[in-house]
Amino acid sequence: MHELSIVEALIEQVGREVKRAGLAGKIHRVELSVGRFSGVNPGCLQFAFNLLTEKTPLEKTEIVIHEPKAVCRCQRCNARIEVDEFVAQCPECGSPEVILEGGRDLTLQSIDVEES
Ligand SMILES: [Zn+2]
């Protein structure tokens, strides 16, 4: 399950961000955005997060996972269409010259810190 290493990196990133911002409170909530084609299963991510944060300061942190739609951009007809699934052809004109945007990234969107 590669979600474990993703979450390890994420926890590190959260720690760094919080430190850089000079925040000291409890981390209330972490919001993530996971692309639909990133190969990451949000359920596994959640599970890995709970597992890895056990008995750490992040134990009670809520993790919110967003799954934004990917956008298919057609080189031929310039259509920009939101898609749920991987497409190899433009849904408008059927051209195979399509670029999928925003489906592969995993980004840390926000960290909510409770003021202590
Ligand atoms: Zn097209």
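Tutor: Helices here are DSSP runs of H or I with at least four residues, strands are DSSP runs of E with at least two, and both are numbered from the N terminus. On that basis, Gly15 is found in helix 1. You're looking at a predicted model: local features need pLDDT of at least 70, side-chain atom pairs count only at pLDDT 80 or more, and totals for chains, interfaces and linings use all residues. Residues are numbered from 1 along each chain as its sequence is written, and side-chain values use heavy atoms, leaving out hydrogens and water.

Student: Is Gly15 buried, exposed or partly exposed, and how do you know?

Tutor: Buried means under 20% relative accessible area, exposed means over 50%, and partly exposed is in between (1.4 Å probe, protein chains only). Gly15 has 39%, so it counts as partly exposed.

Student: What about Glu31: buried or exposed, and why?

Tutor: Glu31, which sits in strand 1, has 18% relative accessibility, so it counts as buried. Contact means heavy atoms within 4.5 Å. Leaving aside neighbours within four places in sequence, Glu31 is in contact with Val64, His66, Thr107, Leu108, Gln109 and Ser110.

Student: Why are strand 1 and strand 2 called a pair?

Tutor: Two strands pair if DSSP finds at least two bridges between them. Strand 1 and strand 2 have five, in the parallel sense, so they qualify. Glu31 stands opposite Val64 in strand 2. The open sheet has three strands in the order 2-1-6, with mixed pairing.

Student: What makes strand 2 and strand 6 edge strands?

Tutor: Strand 2 (62-66) and strand 6 (106-114) each pair on one side only.

Student: What makes a group of residues a nonpolar core?

Tutor: It has to be a set of buried Ala, Val, Leu, Ile, Met, Phe, Trp, Tyr and Cys residues joined through side-chain atoms within 4.5 Å. The largest one has 15 residues, and those with the most contacts inside it include Leu10, Ile27 and Leu32. Helix 1 (3-20), strand 1 (26-34) and helix 2 (42-52) each supply at least two residues of this core. A second, separate core of eleven residues includes Phe37, Cys72, Cys74 and Leu100.

Student: On to the zinc ion: which residues are its protein donors, and how do you know?

Tutor: Donors are N, O and S atoms within 2.8 Å of the metal (3.2 Å for Na, K and Ca), and sites may look incomplete because water is not among the atoms. The SG atoms of Cys74, Cys77, Cys90 and Cys93 lie 2.3 Å from the zinc ion, so they count as donors.

Student: What is the arrangement of the four donor atoms called, and why?

Tutor: Four donors count as tetrahedral if all angles lie between 85 and 135 degrees. The angles here are 106 to 113°, so the arrangement is tetrahedral.

Student: Which of these is buried and which is partly exposed: Cys74 or Cys93?

Tutor: Cys74 has 2% relative accessibility, so it counts as buried, while Cys93 at 36% counts as partly exposed.

Student: And Lys55: what is its phi, and is it buried or exposed?

Tutor: Phi of Lys55 is near 60°, a positive value in a residue other than glycine. Most residues other than glycine have a negative phi. Lys55 is in the loop between helix 2 and strand 2, and its relative accessible area is 74%, so it is exposed.

Note on methods:
Four donors count as tetrahedral if all angles lie between 85 and 135 degrees; four count as square planar and six as octahedral if opposite donors are over 155 degrees apart and all others between 65 and 115; anything else is irregular.
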